[in-house]
Structures are given as structure tokens and as C-alpha cells.
Amino acid sequence: MKLIQEGQTEVYIPEDNDPDVPLASASVFYNPAMEMNRDINVAVTSVYAKKLAARKSFDKSQITYADAFSASGIRGLRIAKEAGISAVLNDWKEEAVSLIQKNIEHNNLQESVTATCMGADKLLHGRKFAIVDIDPFGTPAPFLDSAVSSASFFLGVTATDTAPLCGAHLKSGIRKYAAVPLNNEFHSEMGLRILIGSIARAASKFDKGIRPLFSHATRHYVRVYAEVLNGAGNADKTLKELGFIAWCLQCRNLETKNGLAVFMNEECPECGAKRKMSGPLWLGAFKDIDFCDEIISELQILPLNKKEDAVKLLTVCRNEADIPFFYDQHMLCEKLRISAPPMEPFLEDLRNAGFTATRTHFSGTSFKTDAPMNIILEILQKQV
Ligand code: SAM
């Protein structure tokens, strides 16, 4: 066993856990590369727990958090300790639960944290928690129903099955998420929007809606933090944020349409080529600006190893326009046979022409804008 520290929490992890190759086959899983993800998780939960406690007039320690796929317990232990709430840490592997128990004791959290050993579905179908977190290996799809039915207020979901979500493994993605993805330059955002759409559809079965407060796609995973809103009215409102996209491979023009039964012309209005259709997926906002500001402030005060990276990611996400999908500037320039101009002056010119234009955390060479393709190309050409 070796002792590691993240934030203000120390946990034991098995020696067979190779930090360079975190394997699902390690006796108990621990991935150091997810530290920033957990730092953000602590800040998000801390902010949300404070709001919830104030709104419901209960003490923060009464808020229950379920870490349904705990492994060493690092995520739930950090949240219990650093956000000051109660937690149930679950894993179906006995070895993991013994380690979680040892880590609870090491952090003196016996009063606020308990460990359980069962399938995540059994835990979540049987109990309600204020906050539910699911962080399985690969796809969260089979667990979305139980997670959303268990979560009274808030839900955190990780998906590491980016190939199915992003369209690289098309049939698998369709089976898991009942949605058709596009595997193109904005595949990472595609994955995030398909996942949120799938969470929204799971929630609606239980007469619940969702409001994403912060979501991001980072390297090999996507992560969604959403408020759960109870009531059929909220479910109906949430479903209105779903829709489809028609995208032209020829000229990169894209069009979105809200609704679960929509008609979109196959012919591209710009160049006449046949467009590809994708969906249903989430077309609404995937973050709330005020909430992002609060997470950034929380990150600043918490003692965290990955603070700088986390604040940088939050800041780009906070500032990126709520416009579904983006354009890769380099790809468009290649088509125009010009070299790519510096991003900021180009975005400034789009804004001066009366359009919204921002960078995006999904890709460093890309931008989001509501400008039509002919204007984008015209302004790009003016840069050289
Ligand atoms: N959340 C952890 C963290 O931040 O370090 C990592 C969790 S790891 C990706 C997934 C864990 O879920 C593994 O420990 C595995 O044993 C457990 N697991 C897989 N399927 C499960 C299921 N159906 N029910 C409960 N636990 C499960």
C-alpha cells in the first residue's frame, strides 16, 4: 500500500496501481490523471451544497452524496471532507470496499461516511440521495435511469466511452445512447451533447428535468454536472432543449433544430450537397455562467494541486458562447488555401460585424459563432 494525497485528503492505494498505466485490472483502481477532474468535482459540490443548504435551511452535513463507483474512495472521501457533507461510498468489489473502509478511518470520517458493497443499480434503486455521482468504467448509459431516479437535487456523470459517444464506434453509440452521432471535427462536443441528451431523456421517465450547471470534455472523458428538477413540467421543459443537427461535409455549414420529431432538408442551403443528420442530442446550454464564476472562486480558495489547470478550463468554458458546435479555423483556412490567422483579431472582426464569436474549450484551433458561413469565410479571407 502507498499513501497519496489529493486536496486535503490522504488515501491508501495498492502498490499494483501503476500511475503511468491505470488499469481497470488493478486490484483497486486509482487514476492520478483524474486529479483535476476530482478537484473540480470538489469545488462544484462544495458550491452546490452551500446553495442547497441555504435554500432548504438545513445543515450542510445533512446533505447526502452517493459515490456509486468508488474504487479507493478518493472522490467521495474528498467530497465528504473538503465540501463538508455526508457520503455513501460504494463499489461492488470487496477489495475496494475494504480499502474504502481503511481510508475512511485514516481520514477520521467515520461519522459522516459509510462504505457499501453492492451493484450501483441496487444502491441507487433502493435509496434517494441529494447528490449522486456515477463514474463507471466506460459508458454510464446502463446506470442513468437509477442515478437520475435516486438523485433528489444534483447529478454528476462521467463517460469514458468517447469512441461510441463521438461516432467513432457508431453502432455501439447508437445502442448505448439511442442517438446518431457525427464523427467530425466537433466530435468531442457531439459526445457531450449526446450524453446530456441521454441524461435528459432518462430524467423525463421519472417526471424530472435537468439543468446542466457545468460540463466539459477533457482528453478521454466527458463530465456533466446537472441540477435535477422535480416535476413533469420541468421534464417537458427539459425535453424542449433536445433536437437535431444537419451538417454539410462539403462546406461545413451546420443547422440545428429543436424538437423530437423534426423535418430538416437533406440538401445544404449553402452548397446543395447532401447533409448528414444527427441526434437527438442536447442543444441547450451546457453550463451556467454564474455557477462557473462561483466554481472559479471556490477553486481559488481550496488548496489544490491542479488549481491552475482547473481554473483555466473553467474560465474558457465560462466564456464560450452557448451555441451548439463550432468551426475549426484551420480546416476552413485549408479550404480557402490561406494560412490560419491569429484567433483573437479574427473573432474580434466577427464581433464587430455584429455576431457572437468565442473560443471553445473543445479545441484550441476552433471557434463558436452564430455568423453564417459566407460571412465567416469573408472575414477569414480579410485577415490575410
Ligand atoms: N470514482 C473513482 C475515482 O475517482 O477514483 C473511480 C471509479 S472506477 C472508474 C470504477 C469502479 O467501479 C471500479 O472500482 C469498479 O470495481 C466499480 N464498478 C464497476 N461496475 C460496478 C457496478 N455495476 N456497481 C458497483 N461498482 C462497480
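Cys268 is buried in this predicted model, because its relative accessible area of 3% falls under 20%. You'll find Cys268 in the loop between strand E11 and strand E12 (276-282). Skip the neighbours within four places in sequence, and Cys268 is in contact with Cys248, Cys251, Asn253, Ala273 and Arg275.

Cys248 sits in the loop between strand E10 (242-247) and strand E11 (254-258). Its relative accessibility is 0%, so Cys248 counts as buried. With neighbours within four places in sequence again left out, Cys248 touches Asn253, Cys268, Cys271, Ala273 and Arg275.

So what does the record say here? The UniProt annotation "binding site", from an unreviewed entry, covers Cys248, Cys251, Cys268 and Cys271. These residues are spread over 24 residues of sequence, yet they cluster in space, with a largest C-alpha distance of 8.6 Å.

Now for a residue elsewhere in the chain: is His169 buried, partly exposed or exposed? His169 is partly exposed, because its relative accessible area is 47%. His169 lies in the loop between helix H6 (162-166) and helix H7 (170-177). Not counting residues up to four places away in sequence, His169 touches Ala163 and Pro164. Asn183 is 14 residues from His169 along the chain, and their C-alpha atoms are separated by 9.1 Å.

On to the helix pairs. Here are three of them side by side.

| Helix pair | Axis separation | Angle |
|---|---|---|
| H1 (residues 35-56) and H10 (residues 289-301) | within 9 Å | roughly 115° |
| H12 (residues 329-336) and H14 (residues 373-382) | 11 Å | about 75° |
| H8 (residues 187-205) and H9 (residues 232-239) | within 9 Å | roughly 155° |

Take H1 and H10 to start with. Their axes cross at roughly 115°, which means H1 is roughly perpendicular to H10. H1 passes H10 in a right-handed crossing. On the H1 side, Asp39, Ile40, Ala43, Val44, Ser46, Val47, Tyr48, Lys50 and Lys51 take part, and they meet Phe291, Glu294, Ile295, Glu298 and Leu299 in H10. Sort the residues of this contact of H1 with H10 by type and you get eight nonpolar, one polar and five charged.

Next come H12 and H14, which pack at an angle of about 75°. That makes H12 roughly perpendicular to H14. H12 brings Gln329, Leu332, Cys333 and Leu336 to the contact, while H14 brings Met373, Ile376, Leu377, Leu380 and Gln381. What kinds of residue make up the contact of H12 with H14? Seven are nonpolar, two are polar and no charged residue takes part.

That leaves H8 and H9, whose axes cross at roughly 155°. The angle makes H8 roughly antiparallel to H9, and the crossing of H8 and H9 is left-handed. Ala200, Arg201 and Ser204 of H8 make the contact with Ala235, Thr238 and Leu239 of H9. The residues in this contact of H8 with H9 split into three nonpolar, two polar and one charged.

Definitions and conventions. Residues numbered from 1 in each chain as written. Predicted model: local features only at pLDDT ≥ 70, side-chain atom pairs only at ≥ 80, totals over all residues. Heavy atoms only, no water. Axes fitted to C-alpha atoms, helices over the stretch in contact; angles between N-to-C directions. Helix = DSSP H or I, 4+ residues; strand = E, 2+ residues; numbered from the N terminus. Parallel < 35°, antiparallel > 145°, perpendicular 65-115°, else oblique. Left-handed = near helix turned anticlockwise from the far one by under 90°. Contact = heavy atoms within 4.5 Å. Nonpolar A, V, L, I, M, F, W, Y, C, P; charged D, E, K, R; others polar. UniProt positions renumbered as here; feature names shortened; annotations may be inferred. Buried < 20%, exposed > 50% of the residue type's maximum accessible area, 1.4 Å probe, protein only.
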